[in-house]
Amino acid sequence: MVSGLEAVEPLTLLLVVAAGFAAGWVDAVVGGGGLIQLPALLAVPGITPVQALATNKMGSIFGTTTSALTYARRVRPDLATAIPMALVALAGAFGGAALATALPSRVFKPIILAAIVAVALFTVFRPQLGEYTNLRLKGRRHLAAACGLGAAIGFYDGLIGPGTGSFLVIALVSGMGYAFLEASAKAKIVNMATNLGALILFVPHGAVLWGLGLALGAANMLGGYTGARMAVARGNRFIRWVFLAVVAALAVKLGLDVWSEDFA
C-alpha cells in the first residue's frame with residue numbers, strides 16, 4: 001500500500017491540506033471543490049494523473065459524507081428522492097470511470113461548457129430562481145427525472161469529474177424546481193455516491209495514495225462541516241452567489257481546456 005507521503009515536502013503537504021479544506025467548504029455549499037483540490041494534488045512531485053484522480057476521490061468522499069450528514073440533520077432533505085438518485089448515480093459513476101480509459105473527455109467538454117454558460121446566464125437573469133421549492137413534476141415522474149439526472153451526472157463524474165456537485169445543483173434547481181438549500185442537501189448525498197462509485201473502480205487498481213488521501217480527507221471533512229453549517233445558516237441567497245462564482249470558475253476552466261486542446 002503506497003501512502004503518497006514519502007516524498008512530499010512539509011510545505012507541499014500543507015498546501016494540499018489547505019486546498020482540501022477549501023475544496024470541502026466549496027463542495028458543501030454548491031459543489032465544485034475538485035477545481036481546487038485536483039490541481040493541488042497534481043502539483044505533488046511524482047504523482048500520476050490517475051493517482052491524483054483516485055486520491056482526489058478518496059479525500060472528497062470524507063467531505064461529501066460529512067456535509068451530507070450535516071444537511072440531513074439540519075435540512076432534512078427528501079430521502080425518498082435522494083437515495084434512489086444516489087444509487088443510480090453510483091452506477092453511472094462506475095460506468096463513466098470505466099469508459100474514461102477508452103473515450104477522450106475532449107469529446108464532451110465543448111458541450112458541457114455551452115450548457116454551463118447557458119445555465120449561469122439563466123440563473124443571473126432569473127434572480128428568484130432557487131428562492132423557493134416549486135417542483136415541476138410529481139410522483140413517479142419526479143422520481144424518474146431525478147434518477148435520470150443522477151445517472152447522467154454520475155456518469156459525467158466518473159468520466160470527467162470537475163464540477164459534479166455544481167451540475168447536480170444546476171439540475172435540481174433549474175431542472176426540477178428545488179430551492180438552492182434543498183438542492184445542495186440532495187447534491188451532497190448524490191455526490192457522496194458518485195465518489196464511491198469511482199473509488200470502487202480505482203481502489204482495486206491500486207491508484208489511491210492512502211496516506212495523502214486520508215490527510216486530504218481530514219481537511220475535507222472539516223471544510224465540509226463548516227461549509228454545510230454556513231449554507232444552512234445563511235440560506236438560499238448566499239448559496240446562489242457562491243454557486244454563480246463557482247460556475248464562473250468552472251466555465252473558465254473548461255473553456256481553457258477546450259482552447260488548449262483545440263490549439264495544441
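The model you are looking at is predicted.

**Helix α8 itself**

- Helix α8 covers residues 180–202.
- Its 23 residues should span 33 Å at 1.5 Å a residue, and the end C-alpha atoms are 32 Å apart, which agrees.
- Is Ser184 buried or exposed? Its relative accessibility is 0%, so Ser184 counts as buried.
- Leaving aside residues up to four places away in sequence, Ser184 touches Ala28, Val29, Val30, Tyr71, Val169 and Ile239.

**How α7 packs against α8**

- A handy idea first: two packed helices are described by the angle between their axes and the distance between the axes.
- Helix α7 spans residues 164–175, and its axis comes within 8 Å of the axis of α8.
- The two axes cross at roughly 135 degrees, and α7 and α8 are therefore oblique to each other.
- The crossing of α7 and α8 is right-handed.
- On the α7 side, the contact uses Thr164, Gly165, Leu168, Val169, Leu172 and Val173.
- On the α8 side, the partners are Phe180, Ala183, Ser184, Lys186, Ala187, Lys188, Val190, Asn191 and Thr194.
- Sorted by class, the residues of the contact of α7 with α8 are eight nonpolar, five polar and two charged.

**How α3 packs against α8**

- The axes of α3 and α8 come within 8 Å and cross at roughly 145 degrees.
- What is the handedness of the crossing where α3 passes α8? That crossing is left-handed.
- From α3, the residues in the contact include Val50, Leu53, Ala54, Thr64 and Tyr71.
- From α8, they include Leu181, Ser184, Lys188, Asn191 and Phe202.
- The contact of α3 with α8 has 15 nonpolar, seven polar and two charged residues.

**Gly31, a buried loop residue**

- Gly31 sits in the loop between α1 (10–29) and α2 (34–42).
- With a relative accessible area of 0%, Gly31 is buried.
- Setting aside residues up to four places away in sequence, Gly31 touches Val26, Gly165, Ser166, Lys188 and Val246.
- Gly31 and Thr64 are 33 residues apart along the chain, and their C-alpha atoms are separated by 9.3 Å.

- Where is Arg76? Look in the loop between α3 (49–74) and α4 (79–99).
- Arg76 is not a glycine, yet its phi is positive, at about 55 degrees.
- Arg76 has 66% relative accessibility, so it counts as exposed.

**Helix α6 and the glycine after it**

- Helix α6 runs over residues 139–159, which makes 21 residues.
- From its first C-alpha to its last, α6 reaches 31 Å, close to the 30 Å expected at 1.5 Å a residue.
- The buried residues of α6 include His142, Ala146, Cys147, Gly150, Ile153 and Gly154.
- Here is a general point to keep in mind: an α-helix has 3.6 residues a turn, so residues three or four places apart point the same way.
- Tyr156, Asp157, Gly158 and Leu159 are also among the buried residues of α6.
- After α6 comes Gly161, which has a positive phi near 110 degrees.

Conventions:
Residues numbered from 1 in each chain as written. Predicted model: local features only at pLDDT ≥ 70, side-chain atom pairs only at ≥ 80, totals over all residues. Heavy atoms only, no water. Helix = DSSP H or I, 4+ residues; strand = E, 2+ residues; numbered from the N terminus. Expected span 1.5 Å × (residues − 1). Buried < 20%, exposed > 50% of the residue type's maximum accessible area, 1.4 Å probe, protein only. Axes fitted to C-alpha atoms, helices over the stretch in contact; angles between N-to-C directions. Parallel < 35°, antiparallel > 145°, perpendicular 65-115°, else oblique. Left-handed = near helix turned anticlockwise from the far one by under 90°. Contact = heavy atoms within 4.5 Å. Nonpolar A, V, L, I, M, F, W, Y, C, P; charged D, E, K, R; others polar.
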